[in-house]
Amino acid sequence: MRRVRALCALCGFLMAGPMLAGCRDEPEEAAPLIRPVRTVTVEERKLGDSVSLTGHVEAENQVSFAFRLGGRVIERLVNVGDPVEPGQILAKLDPQNEVSALRTAQANLVAAEGQLVKTRNAFERQEALLRQGFTTRAQYDAAQQAMRAAQSQVDSSQAQLDNAEDRVGFTELHADAAGNVTAVGVEPGEVVQAGQMVLQVARQDGRDAIFDVPAQFLRQAPDTVVVEVALTDDPAVKAKGRVREVAPQADPTTRTFRVRVGLSDTPAAMRLGSTVTGRVTVDSSPEIAIPATALTKFNRQPAVWIVDQEKKTVSTRNVEVLRFDPATVIIAQGLNPGEVVVTAGVQALHDGQEVRLLGSTQ
């Protein structure tokens with residue numbers, strides 16, 4: 001009997017254990033995590049963009065010299081880098097054929113002039129006889145016609161002589177302005193065709209800085225922009241210039257436009273071919289700029305975290321980026337002045353999360 005009572009007591013204890021365990025207080029849920037973040041207040045600013053481009057120096061006017069007729073080059077009197085003066089002989093062709101043609105033209109002229117003298121004398125005799133009535137009108141007219149034909153032959157021979165003299169002169173290539181030789185195209189002994197480049201001369205009447213400029217910058221830059229140009233290896237050597245020429249068509253490979261900037265008071269150290277850096281400041285339209293650390297991605301598009309200043313919670317918003325650099329992002333659409341954007345801690349946030357502002361960066 002005692003054994004039965006002990007078993008019943010043990011069973012009651014075992015059944016009461018789970019019931020007592022079920023009556024214990026469950027642990028309280030953890031308080032939501034308040035994430036500390038840094039922020040920036042969106043402002044619309046009118047920024048002055050400073051654009052730097054690398055280019056090189058060329059002559060404002062560069063002339064290619066060529067002979068007006070073909071022949072064999074017997075002498076080239078200048079080399080690359082040599083200075084030239086107006087009227088200086090640069091190269092010569094073998095003049096033998098042209099000199100022979102000149103002598104032939106001179107002989108033809110002498111013969112034509114002799115024939116003219118003969119026919120003029122005959123005409124004058126016929127004119128005197130006609131007045132005296134000792135010749136016919138037909139003979140007079142024939143003498144006059146012969147004299148006119150002889151005069152025409154003299155004029156033709158004179159023109160041929162002038163042309164022959166010009167061709168002899170064309171065997172020498174002369175400089176028409178002061179400058180420096182930048183390239184040569186032939187060597188003595190070579191046979192050249194008329195118009196073939198013999199050498200190039202950069203005239204000393206001006207210098208240009210040449211840049212390849214993106215189309216976006218051309219749209220922003222005013223027509224009267226002043227460009228500051230300095231040597232890349234020595235920024236202390238400077239000059240200023242204005243845009244003188246813009247290529248009407250973009251380069252098919254780089255899609256940039258060739259721009260020539262006319263330089264004023266060019267330093268002597270800014271030699272032809274020198275590498276230069278051009279800088280220009282352009283006033284852009286009002287833009288919204290935020291730190292690059294504020295940018296994240298949502299729905300595979302650029303986005304930022306916006307802070308609700310009343311609830312102190314965050315939410316994502318997609319934005320359209322106009323341009324960016326390692327430090328700053330320019331926003332085209334998606335942000336309004338006065339909104340607060342998270343700039344630090346964006347990787348650990350989720351929509352609706354409560355945040356604590358550590359301070360704002362402007």
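This is a predicted model: local features need pLDDT of at least 70, side-chain atom pairs count only at pLDDT 80 or more; totals for chains, interfaces and linings use all residues.

Residues are numbered from 1 along each chain as its sequence is written, and side-chain values use heavy atoms, with hydrogens and water left out.

Switch to cartoon view. The protein chain has four helices and 24 strands; helices (H or I, at least four residues) and strands (E, at least two) are DSSP runs, numbered from the N terminus.

Select helix α3, residues 137-169. Its 33 residues reach 48 Å from the first C-alpha to the last, close to the 48 Å expected at 1.5 Å a residue (the expected span is 1.5 Å times one less than the number of residues). Now colour the buried residues of α3, among them Tyr140, Ala143, Gln144, Met147 and Ala150. What do the buried residues of α3 pack against? They pack against α2, going by contacts, meaning heavy atoms within 4.5 Å. A handy thing to know here: an α-helix has 3.6 residues a turn, so residues three or four places apart point the same way.

Next, look for aromatic pairs. Rings of Phe, Tyr and Trp (its six-membered ring) pair if their centres lie within 6.5 Å; planes under 30 degrees apart count as stacked, over 60 as edge-to-face and the rest as tilted. By this rule there is one aromatic pair. Show Phe123 and Tyr140: they make a tilted pair, 5.3 Å centre to centre with 40 degrees between the planes. Phe123 sits in helix α2 (residues 96-132) and Tyr140 in α3, 17 residues apart. Both Phe123 and Tyr140 are buried.

**Stop two: two open sheets**

Pick out β8, β7, β5 and β10: in that order they form an open sheet of four strands with antiparallel pairing. Two strands pair if DSSP finds at least two bridges between them. β8 (172-174) and β10 (191-192) stand at the edges with a single partner strand each, so one side of each has no neighbour in the sheet. Zoom in on β7 (residues 89-93), which is joined to β8 by three antiparallel bridges. Ile89 stands opposite His174 in β8.

Another open sheet has four strands in the order β4-β11-β9-β6, again antiparallel. Its edge strands, β4 (62-66) and β6 (83-84), pair on one side only. Five bridges link β4 to β11 (residues 197-203) in the antiparallel sense, and Ala66 faces Met197 in β11.

**Stop three: a hairpin and a loop**

Select β13 (residues 226-231) and β14, antiparallel strands joined by five bridges. A hairpin of six residues connects β13 to β14, and Val227 has Gly241 in β14 as its bridge partner.

Finally, where is Thr256? Look in the loop between β14 (238-246) and β15 (257-264). Thr256 is buried, with a relative accessible area of 15%. Its side chain makes a polar contact with the side chain of Thr254 at 2.7 Å. (A polar contact is a pair of N or O atoms within 3.5 Å; within protein, one must be able to donate a hydrogen and the other to accept it, and residues adjacent in sequence count only if both atoms are side-chain atoms.) Leaving aside neighbours within four places in sequence, Thr256 is in contact with Asp212, Val213, Pro214, Ala250 and Asp251.

Note on methods:
Buried means under 20% relative accessible area, exposed over 50%, partly exposed in between (1.4 Å probe, protein chains only).
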